[in-house]
Each structure stands twice: as C-alpha cells, then as structure tokens.
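Thank you all for coming. I would like to walk you through one structure this morning, so please have a look at it before I go on.

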Amino acid sequence: MRGFLLGAFLVAAISLTVLAIRPGGLRQQLRFAARRFRIALALGGVFVLGSLIIRLVSASGPAADYGPPLLALGLGVIFLFAGRDPSQPKADSARGPRR
C-alpha cells in the first residue's frame, strides 16, 4: 500500500514538474490539459452514441463487428488534430508592423 501511494505521488510530482518547465508555464499547460480532457469527453460521448446506433441498426454482421473499432479509430484521429495546442502568435508580430 505504501508503495502504491509513493508511486502515485511520484507520478503527480513528475507530471507537474514536466508541465511547469514547458513554454508558457504551468497555468497554460493545465489549461491545455483541461481543453484536451473536454475534447476527450465529447468524443467519448460520440463513441457511446455511435456504438449504440451501430448495435441497434445492425445487431450482428460485419457492421456490428467492425463498426465500433473503426469509429474509435476515426475519433482517435479527430482527437489528434483537435487536441493540438493552439498556435501561438510570433513574438515579432505582437509588436506591430515595422516602419
């Protein structure tokens, strides 16, 4: 039990350390993590709904066998693109136009 608690504390501490040294600081990285979590929850809901529809429409056959894994693969690809960090403006463009 002590080993599990020590390991859980160690994982949390290392995660916070890695997030804190990334560009933007800890607050921005936690904001990005919360954004990815919301996207994952939404895509999880889409998967549950899609899987339910597949099972109701086709209780047996190839659609019932291959539909949910293909749906999960498609939603995973969507997550890879939707879960990226938003692009940051370049430092030079923040100062305004050159004269």
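This is a predicted model: local features need pLDDT of at least 70, side-chain atom pairs count only at pLDDT 80 or more; totals for chains, interfaces and linings use all residues.

Helix α1, residues 2–21, packs against helix α2 at an angle of about 110 degrees, and their axes lie 7 Å apart. By axes I mean lines fitted to C-alpha atoms, for helices over the stretch in contact, with angles running from 0 to 180 degrees between N-to-C directions. That angle makes α1 roughly perpendicular to α2, on a scale where under 35 degrees counts as roughly parallel, over 145 as roughly antiparallel, 65 to 115 as roughly perpendicular and the rest as oblique. On the α1 side the contact (heavy atoms within 4.5 Å) is made by L16, L19 and A20, and on the α2 side by G25, L26, Q29 and L30. By class, this contact of α1 with α2 has five nonpolar, two polar and no charged residues, where Ala, Val, Leu, Ile, Met, Phe, Trp, Tyr, Cys and Pro count as nonpolar, Asp, Glu, Lys and Arg as charged, and the others, Gly among them, as polar.

Residues are numbered from 1 along each chain as its sequence is written, and side-chain values use heavy atoms, with hydrogens and water left out.

As for the overall layout, the secondary structure comes to four helices and zero strands, in the pattern α-α-α-α along the sequence. Helices here are DSSP runs of H or I with at least four residues, strands are runs of E with at least two, and both are numbered from the N terminus.

How does α2 pack with α3? Helix α2, residues 25–57, and helix α3, residues 62–82, meet at an angle of about 160 degrees with their axes 10 Å apart, and the two are therefore roughly antiparallel to each other. The contact draws on residues of α2 including I39, L43, F47 and I54, and on residues of α3 including A64, P68, L71 and F79. The residues of this contact of α2 with α3 divide into 15 nonpolar, three polar and three charged.

Which residues of α2 are buried? They are Q28, Q29, F32, I39, L43, G50 and S51, where buried means under 20% relative accessible area, exposed over 50% and partly exposed in between, with a 1.4 Å probe and protein chains only. What covers them includes α1 and α3. In α3 the buried residues are A64, G67, P68 and L75, and their cover includes α2. Over the chain, buried residues make up 13% of the 99 residues.

Let me finish with two single residues. S51, in helix α2, is buried, with a relative accessible area of 17%, and, leaving aside its neighbours within four places in sequence, S51 is in contact with P68 and L71. P69, in helix α3, is partly exposed at 49%. Between S51 and P69 there are 9.3 Å, C-alpha to C-alpha, and the two are 18 residues apart in sequence.
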